[in-house]
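Please consider the structure shown below. The paragraphs that follow go through its helix packing and its nonpolar cores.

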Amino acid sequence: MVARLVIAAPSSGAGKTTVATGLMAAFAGRGLAVSPHKVGPDYIDPGYHALATGRPGRNLDAYMCGTGLVAPLFEHGARGCDLAVVEGVMGLYDGAADQGELASTAQVAKLLKAPVVLVVDASSQSRSVAALVHGFASWDPEVRIGGVILNKVATDRHEHLLREALGESGVPVLGVLRRAPAVATPSRHLGLVPVAERQAAAVEAVAAQAEQVLAGCDLEGLLALARSAPELHAEPWDAHNPATGPQSADKPGRRPVVAVAGGAAFTFSYAEHTELLIAAGADVVTFDPLRDEALPEGTSGLVIGGGFPEMYGAELSANEPLRKAVAALAEAGAPIAAECAGLLYLARSLDGTPMCGVLDADARMSERLTLGYRDAVAVSDSVLAPTGARLRGHEFHRTVIEPGAGATPAWGLRQPERRVEGFVQGGVHASYVHTHWAGAPEVAARFVERCAGGPAA
C-alpha cells in the first residue's frame, strides 16, 4: 500500500503547486521514494513534480481516461514508492463544466481513498478562515480533509489569529507558510513557464519551495496522515495488459521507429503515451526540433505533441533541414500524429514565420483563450482512429489556425458548440485536441500498426 495525500485548495492561485512540489522535494530529500501526480490535463506542473522527485510526473484525469482508470493509473505510477503526492486542479470541488463532480480533485480523492490537505491563501483573512475550512470539510462527507496548510501568512500575529480560529474547526493546521517571492514560478499566457525553458532557475525554485515547506510544515504529521489512507484494491494499469493496452510488442517483424518531438518547444506529453507505443511494438526515439537537423534514423512515424512553438517560432523556422524532412515524411504518407503545438508546426506559417508547410493553413497568436474538455468523434478514417470512433480530449491554446479544419477534418466536437476541427491528410492527423491514450489504448496500437507497414524516412 502506498501512503498518499491530495493537495487541494478552495480555488486556483492559493499555492497548490508551490506546496505540492515543495512537499515532494522535501520528502524526497529525506530519502523517500515519492510518486508525483497531477489531477486533470495539465502538462506543466508535472514537469516541476518530476524535477522534485526524479520520477515522471503523471496525470490522473477522470474525464479523458474514465473514473475506472484513476486508481489503476495511480497504482502504476506509484508502484514501489513510499509516498504519493497528488496535486489537485482548480478548487477542490471544481470539475468538468456541467458534469457535476466529474474530473474534480474531490472525485479523484474519493477514487483514491486519499486524505486531502487544503491549502488556503490566508493573505486577506483571519477568523473567516475557520468558516471557509468548515464549509469545504462538510460539503461532501466522503471527502476527508485531514489538515490545512496556511499560505501567504504575513506575521506571527496573523498566524496566531488563524490558528486560534481554526482551533474550533476540528481540522488541524499542518503547515504555515510565509510570503516568499523566491518560491514563485513565472507564468505566461497558458500558465507556468515549463521546466525545460527555465532549467537552472527551475531547479532553484524547487529547492526554495522545499526549504519553505521544511521550515513551515509538519512533515511528520503529513506523513502520518498519508499513511492513514486505506488499501485501494486496484490492479496497476499496464500498457502490456490486453485489458488496458495493445498487445503488439511480441509480434514478429521490424519494430518501427517512432520519433517523438521534445525539447523546449514541445514539452507537453503524457508518460503513458510512450509506454503504450513501446508496448505496441515501436522503438521510440525523442528528438528536438530546435536542435536536430534530421529525424532519427529509420523514422517510420512521427508524434508531435503540445508545447509553446509560438515562443520559438524563429528558431523552429530557422531549422530548415528538419522542416523539409518532416514535409518529406508527410509527403511519403508516413503516419504523423500532431496535437496543438504539433498542428502549428505542420502549418504553412505561424505568426507569418514559415513552418513545415505540410498543411495548407496559417496559424497566429490570439487574444482569446480556448479552454475545456471535448467530446470528439472521428469524422474521417485516420492513423489514429476509424470513422465514428469516440474519444475524450482537451483544448488549451491562445492561437487560431485558418482554416480551422481541412477538406477532411479530424474530429467532430459536440461541446461547447458543434463544429468540425483538425486535418486528416494522407498519413497526417493534426488537431488542437489533446488526448490521453491510456483512456483509448487502441489509438497507440493503430498508430504503430500503420507505422510498421509504412515507409521509413
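Is the crossing of α1 and α2 right-handed or left-handed? The crossing of these two helices is right-handed, a term for the near helix being turned clockwise from the far one by less than a right angle. The model is predicted: local features need pLDDT of at least 70, side-chain atom pairs count only at pLDDT 80 or more, and totals for chains, interfaces and linings use all residues. Residues are numbered from 1 along each chain as its sequence is written, and side-chain values use heavy atoms, with hydrogens and water left out.

Helices are DSSP runs (H or I, at least four residues), and strands are runs of E of at least two, numbered from the N terminus. The axes of α1 and α2 (residues 45-53), lines fitted to C-alpha atoms over the stretch in contact, come within 8 Å and cross at roughly 20°. That makes α1 roughly parallel to α2, the term for angles under 35 degrees. Contact (heavy atoms within 4.5 Å) involves Thr17, Thr21, Met24, Ala25 and Ala28 of α1 and Asp45, Tyr48, His49, Ala52 and Thr53 of α2.

The largest nonpolar core has 117 residues; such a core is a set of buried Ala, Val, Leu, Ile, Met, Phe, Trp, Tyr and Cys residues joined through side-chain atoms within 4.5 Å, where buried means under 20% relative accessible area with a 1.4 Å probe, protein chains only. Helix α1 (residues 16-29) supplies the largest share of this core, seven residues.

Nine of the nine residues of helix α3 (residues 70-78) are buried, so α3 is largely enclosed by the rest of the structure. Just after α3, Gly80 takes a positive phi of about 80°.

Technical notes:
Buried means under 20% relative accessible area, exposed over 50%, partly exposed in between (1.4 Å probe, protein chains only). Axes are lines fitted to C-alpha atoms, for helices over the stretch in contact, and angles run from 0 to 180 degrees between N-to-C directions. Angles under 35 degrees count as roughly parallel, over 145 as roughly antiparallel, 65 to 115 as roughly perpendicular and the rest as oblique.
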